[in-house]
Amino acid sequence: MAVETLGSAPRRTRVAPWNDPVIRGWVFQIVVVGLVGLLAWYLVSNTMENLARQKIASGFHYLEREAGFEIGDTMIEYSPASTYARAIWVGILNTLRVAVLGIILSTLLGTLIGVGRLSPNWLLSRICSWYVEAFRNVPLLLWLFLFYKLISEAFPGPRQAISMLWNSVFLSNRGVYFPVPMADPIHKWMGLAFLVGIAAAFFINRWAKKRQAATGQPFPIMSVTLGAIIGLPFLVWLAGGAPSHMSWPELKGFNFVGGTVIQPEFTALLVGLVLYTSAFVAEIVRSGILALHKGQSEAAAALGLSRGQSMRLVLLPQALRVIVPPMTSQYLNITKNSSLAIAIGYPDLVASVNVTINQTGQAIENVLIIMAAYLSVSLSISAFMNWYNKRIALTER
């Protein structure tokens, strides 16, 4: 409200609504939202009208129809008689498998390479530097082509497959065949024991850190963790009668039957994603460690800690506050870059949806499914990393 003064008596005058910044701000927002809504309505109605004119059905009813195509690599039961919805779900699971394994392996490898670049050993430092420069400056798609050609052409066909480990593992251009245990009810309990072991290892790790901070005495975390994660399922296996029936790969006709196989497309995609992304992770880890004051390493050395202990107990925990935010982008890149699997024939989400589009003509709906799937996975990764970043952040007193 404006104020006018006449002599000594102030008088308030009304301000026009358009000159009020609050009202003007609300008006602008309502207008923008309205225009966006009108644009969305126009695009949707125009698309529906064009589809109707061309007699193209719209909607997601086609997901319940029979797919009629094979998928070479599946994590769940699938056949051509399955529905399109199940085929797309198989593609989503294949994408998640590559993304999860890629995130774990690239984090481990990238951390080792990043620490190796800071090593006082000249040869190790140079090798890590060459690795980073080679993979960062060549497009990922070229690396995928290279690894796929090496795997598919370096190994012989199934009849001349390379046998290893007393004729139990076979390498061919159709994949790596190896024996697996036959299905048994005890395996479910072993899986539950494995999850319990992971939870126990987590709480033991937290207790060991608090104990070391309070007493200064280290605790054998690694051996106890491995014992919990591996030992508990092993004990459950023994309690269940130690079933040892195996399904062995055997050459019959033109290919192997029995056991299980790791497809060359999956191997090439996973290796390419891990090696490519780990080069970026290595630079993030290296920069995070260099961001710390050199007094941290000097103090750790003064306490008598070895280089490994200094890195594990002093430097890396503090560097995480610098490392975690850019690492989130790399994890998202792994998930999105997995869509390049279509270039080497791995049946991920994009490949399954492409076949569905070719058979049903439902391009808009299928593209929306792809976008929704990647958006959901990316937002989940971002939410987890943001939670972890807040958890390790310094709290002000």
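Q: Which residues make the nonpolar surface patch of about 670 Å²?
A: In this predicted model, helices H5 and H6 (221-239) are the elements that give two or more residues to the nonpolar patch. The patch covers about 670 Å², and the residues that make it are Trp 189, Leu 192, Val 196, Leu 232, Phe 234, Leu 235 and Leu 238.

Q: Which helix gives the largest share of the nonpolar patch?
A: One of the residues in this patch is Phe 234, which is found in helix H6. The largest share of the patch amounts to four residues, and the helix that gives them is H6.

Q: Is Phe 234 buried or partly exposed?
A: Partly exposed residues have a relative accessible area between the 20% under which a residue is buried and the 50% over which a residue is exposed. Phe 234 has a relative accessibility of 43%, and therefore counts as partly exposed.

Q: Which helix gives the largest share of the positive patch?
A: On the surface, Arg 206, Lys 209, Lys 210 and Arg 391 gather in a patch of positive charge. Of these, Arg 206 lies in helix H5 and is partly exposed, with a relative accessible area of 37%. The largest share of the patch is three residues, and these come from helix H5 (residues 186-215).

Q: Is Ser 168 buried or exposed?
A: Ser 168 lies in the loop between strand E3 (162-164) and strand E4 (169-172). Leaving aside neighbours within four places in sequence, Ser 168 is in contact with Tyr 177, Phe 178, Pro 179, Trp 248 and Pro 249. A residue under 20% relative accessible area is called buried, and Ser 168, at 10% relative accessibility, therefore counts as buried.

Definitions and conventions
Residues numbered from 1 in each chain as written. Predicted model: local features only at pLDDT ≥ 70, side-chain atom pairs only at ≥ 80, totals over all residues. Heavy atoms only, no water. Patch = residues over 30% accessible without salt bridge, like charges linked within 9 Å, V, L, I, M, F, W, Y side chains within 5 Å. Areas by Shrake-Rupley, 256 points an atom, 1.4 Å probe, with all protein chains shown as cover. Salt bridge = Lys/Arg side-chain N within 4 Å of Asp/Glu carboxyl O. Lys, Arg positive; Asp, Glu negative; His and termini not counted. Charge placed at Lys NZ, Arg CZ, Asp CG, Glu CD. Buried < 20%, exposed > 50% of the residue type's maximum accessible area, 1.4 Å probe, protein only. Contact = heavy atoms within 4.5 Å.
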